[in-house]
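Let's take a walk through a protein together, starting with the whole and ending with a few single residues. Have the sequence and the 3D view ready.

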Amino acid sequence: MIRFTRRRLLFALAICAGWLHSPGFAAEIERVEPPNWWIGFHQSDVQLLVYGDGIGAFRPTVDYPGVTVLDTLATANPNYLFLRLRIGDDAEPGDFDIEFTGDGESITHRYRLDARNPDPEHTRGFSPADAIYLITPDRFANGDPGNDGIDGLGDVVDRNQPGARHGGDLRGIIDRLDYIAGLGFTAVWLNPVLENAMPAYSYHGYATTDFYRVDPRMGSNEDLAELARVGREKGVGLIMDMIVNHSGLHHWWMADPPMDDWVHRWDGYVETTHAKTLSLDPYGAEIDRREFFDGWFVPDMPDLNQDNPLMAEYLIQNAIWWIEYLGLAGVRMDTYPYSGGEFMAEWTRRVMEEFPDFNVVGEEWTENPLIVAYWQGGAYKHDGYQSWLPSVMDFPLNSVLAPSLVAEESFSGGLNTLYSMLVNDVLYPDPGGLVIFGDNHDMMRIWSQLGEDYGLFELAMTYLATMRGAPQVYYGTEILTPSSGDHGVIRSDFPGGWMGDAADAVSGAGLTERQLQAQALVRTLFNWRKTSAPVHQGELTHFLPKDGVYVYFRYLNDERVMVVLNKNEDVYALDTARFEEVLGDARSGVDIIRGATHDLTSPINLTPRTALVLEID
Ligand code: CA
């Protein structure tokens, strides 16, 4: 009865909108995905998922120059129809009708073809020349309190609850792009902003319930496009967080899936084992592989079946749709190995085929560099696997960065750990292509990892700003945001993002002297980094840490940068003779952090627990 009423309502709406031409109405179209497409992609076919009561019994026709219906597939569920359209290069941008006919009825759906954005900068991917600012949008700034609660989406705003929604949104980020650019960052990575219509604990965004819709509590699709466009104008590209491994349990299709194997189903609940070795383990058992790849991430995130070619194509097209629509600077792919190497290779190949200058960074959360390196494309793998992935998150380096700074110096501990980790770069096809970081939304904040030691913070930030790879910094790091290991606390509210906040990180009002000092340090380091070609693409030579001092050089042609990380809590006289092979006859260097000129022909007196970044004359 309820169903009937809803149908009548939709019918009335459809009539008003002029969607239906037939008076003998028997079916309706609720969704067509992707909602529009473009002319001129390398892959000229597009698969449309059509959803509506009884639509499976209908057959589509198109009368539009350059567009043909290649084939149509009805599934076991009569409410779905999948069709493939071929978009010829001779097609013109514009609207056309897809006429669905069946049983004497017909329904017309208006579809749109757009011209692709011709500007190569529109989808230029981030590179090692970029520095990335990671934001959890619900927790950054509430630019529009009017969208905090939306009827029908579930979950509520309660800033007193670490696991509840706090009301942050895209407008809050757009309003602070100047601040982010001013800190020296050239890209933002946002934790997912697509609809998460889950009853509770949805603020993180990783339980997608509509792959084509920005969550209305974040804003609209148009707001996200505005963020991407305005960001580009200010020199800040947008990196979109995507998840193809799972959706949210309340995704609209879970109530009425097109076929049994749309998601992985088990007798009872089976959770992934997170056994990352299984992607490449030559001895792995089939049952273990199945449980890792096909088990669910958590009970309210169904595991999507990418072995189903309709699902695979749906997910690939969804990525292409957002990249072209928004003009992205990259994708950060969540849980990269969980969807299986074969699918991820094809997903990445297709994305990079359409956008050759694009960049994708995969999340493979393991401290084992062998596994992380396996995913980076560009080199032969032992099993013949061909990956197309340009970048991977450098979790192994992350796992030693803070511990090596906090630990007592010893023969095998302290800075030696950080130094030794880099030998693993021989495994990576392109070490410079990695993304390096001290923390992210899933781990204790770097300030707390470092025991709230400001000197160590300076060393960590300096390392991230000067080491190979593109650095990523989590919002609030620049003002020494602390945290426990609790996810809701890690992702705490950015001061000043809410009316009535006691402090405002953007204006600096209410910040402590130490917070302002940290913010100035980050601003100095990352604005300088924007201009340093040796850091972006130069060689690296590092010297075995001695007496708590780690020295390395980045150099390119005649440009040399000397980085000195002094962990000592006393003044230390650094003899420069040991660095002669890189220094040559250099006589002095200017520290970009404090501005002082240092004589390199005699020992440098290092201030306790500070870093030097010397541009050498
Ligand atoms: Ca809001």
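Of the 617 residues in the protein, 60% are buried, where buried means under 20% relative accessible area, exposed means over 50% and partly exposed lies in between (1.4 Å probe, protein chains only). Keep in mind that this is a predicted model, in which local features need pLDDT of at least 70 and side-chain atom pairs count only at pLDDT 80 or more, while totals for chains, interfaces and linings use all residues. Residues are numbered from 1 along each chain as its sequence is written, and side-chain values use heavy atoms, with hydrogens and water left out.

How does the overall size fit the chain length? A compact globule with 617 residues would have a radius of gyration near 25 Å, and the protein agrees with its 26 Å; the radius is taken over C-alpha atoms, and the globule rule is 2.2 Å times the number of residues to the power 0.38. Along the principal axes, the C-alpha atoms fill a box of roughly 90 × 55 × 50 Å.

Now look at two helices, α6 (residues 309-327) and α7 (residues 341-354), whose axes come within 10 Å and cross at roughly 35°. Axes here are lines fitted to C-alpha atoms, for helices over the stretch in contact, and angles run from 0 to 180 degrees between N-to-C directions. Contact means heavy atoms within 4.5 Å. Residues making the contact include L315 and I316 of α6, and F343 and W347 of α7.

Next, find S404 in helix α9 (residues 395-406). S404 has a relative accessible area of 1%, so it is buried. Its C-alpha lies 5.8 Å from that of T417, 13 residues apart in sequence. Beyond the neighbours within four places in sequence, S404 is in contact with several residues, among them E409, L418 and K567.

Finally, some backbone details. Most residues other than glycine have a negative phi, and most peptide bonds are trans. Yet the peptide bond from E33 to P34 is cis, with omega near 0°. D103, not a glycine, has a positive phi of about 55°, and T335, also not a glycine, has one of about 40°. Are these two residues buried or exposed? D103 is exposed because its relative accessibility is 77%, whereas T335 is buried at 4%.

Methods. Helix = DSSP H or I, 4+ residues; strand = E, 2+ residues; numbered from the N terminus.
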